[in-house]
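Here is a structure to question term by term. Each answer sets a value against its definition.

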Amino acid sequence: MTELNQKNSGKNIKWHNLTIDRNKLEKMRGHKGMVIWFTGLSGSGKSTLANAVNEVLHLDGLSTYVLDGDNIRHGLCKDLGFSDEDREENIRRIGEVANLFMNAGIITITAFVSPFNNDRNKVRKIIGSKDFIEVYCSADIDVCERRDTKGLYKKARLGEIKEFTGISSPYEAPVNPEIVVDTGSLNLNDSVKEVINYLREQNLIERI
């Protein structure tokens, strides 16, 4: 598509309102949709914690789905690299997909490094603050390096991986996340409890 066509294409697009909307879908599922966004350094335990939280919610009969950073880059975002611009586009796409899942009444759980505050704030605007739960998996980089089963940090320090978050590319910790989990010291069960307790205390997973 040419640049001109890209700019003009939106003029012919109109949002189509559906008769089976979010409200009806949430009533069918028996709970509200939301986005639980796990962020943190590689090795901080994002994916492990997201998956464990998903298991608890699923066993409780809630409709959930996990969008994981590595998995997404096998398909939807396989055309993107790891430059700042590509990282921004990666998170934008995930935000839009998460929003679609949420509007289907699904508790959408994401696990992405998502290193920049600005990008995460853009997703919060897409989702809406009342439906966006940011979970910061707080683990020092030395802990993350010790857990590095893929050897990514070692390769990054040797210069074999460019623009690696925490080494040659910055990670901006969330300024005011809904939940901070000290995944650097807490075990998995206690980390899960912190997330689930917050969701219950805020009445986010109560039945409709």
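Q: What pLDDT does the chain average, and how many of the residues score at least 70?
A: The chain averages a pLDDT of 91, where pLDDT is the predictor's confidence in each residue, from 0 to 100. A score of at least 70 is reached by 95% of the residues. This is a predicted model, in which local features need pLDDT of at least 70, side-chain atom pairs count only at pLDDT 80 or more, and totals for chains, interfaces and linings use all residues. Residues are numbered from 1 along each chain as its sequence is written, and side-chain values use heavy atoms, with hydrogens and water left out.

Q: Where does pLDDT stay under 50?
A: Over residues 1-5. The model has two contacts for them beyond four places in sequence, a contact being heavy atoms within 4.5 Å. Where pLDDT is low, the predicted coordinates should not be read in detail.

Q: How do you know that the span of helix 5 agrees with what it should be?
A: Helices (H or I, at least four residues) and strands (E, at least two) are DSSP runs, numbered from the N terminus. The expected span of a helix is 1.5 Å times one less than its number of residues. Helix 5 (residues 84-103) has 20 residues and should span 28 Å; its end C-alpha atoms are 29 Å apart, so the two agree.

Q: Which residues of helix 5 are called buried, and what do they pack against?
A: Buried means under 20% relative accessible area, exposed over 50%, and partly exposed in between (1.4 Å probe, protein chains only). In helix 5 the buried residues are Arg87, Asn90, Ile91, Arg93, Ile94, Gly95, Ala98, Asn99 and Met102. They pack against several elements, including helix 2 (22-29), strand 1 (34-39) and helix 6 (117-127). After helix 5 comes Gly105, with a positive phi near 80°.

Q: What makes helix 5 roughly parallel to helix 6?
A: Axes are lines fitted to C-alpha atoms, for helices over the stretch in contact, and angles run from 0 to 180 degrees between N-to-C directions. The two helices pack at about 25°, with axes 9 Å apart. Helix 5 is therefore roughly parallel to helix 6. The cut-offs: under 35 degrees is roughly parallel, over 145 roughly antiparallel, 65 to 115 roughly perpendicular, and the rest oblique. Among the residues in contact are Ile91 and Met102 of helix 5, and Val123 and Ile127 of helix 6.

Q: Why are helix 3 and helix 9 called oblique to each other?
A: Helix 3 (residues 46-59) and helix 9 (residues 188-201) pack at about 60°, with axes 10 Å apart. That angle falls in the oblique class, so the pair is oblique.

Q: Which residues of helix 3 are buried?
A: Lys46, Leu49, Ala50, Ala52, Val53, Asn54 and Leu57. The elements they pack against include strand 1, strand 4 (132-137) and helix 9. Gly61 follows helix 3, and its phi is positive, near 85°.

Q: Why is Leu158 called exposed?
A: Its relative accessible area is 57%, so Leu158 counts as exposed. Leu158 sits in the loop between helix 8 (152-157) and strand 5.

Q: How far apart are Lys32 and Ile205 in sequence and in space?
A: They are 173 residues apart in sequence and 7.1 Å apart in space, C-alpha to C-alpha. Lys32 lies in the loop between helix 2 and strand 1.
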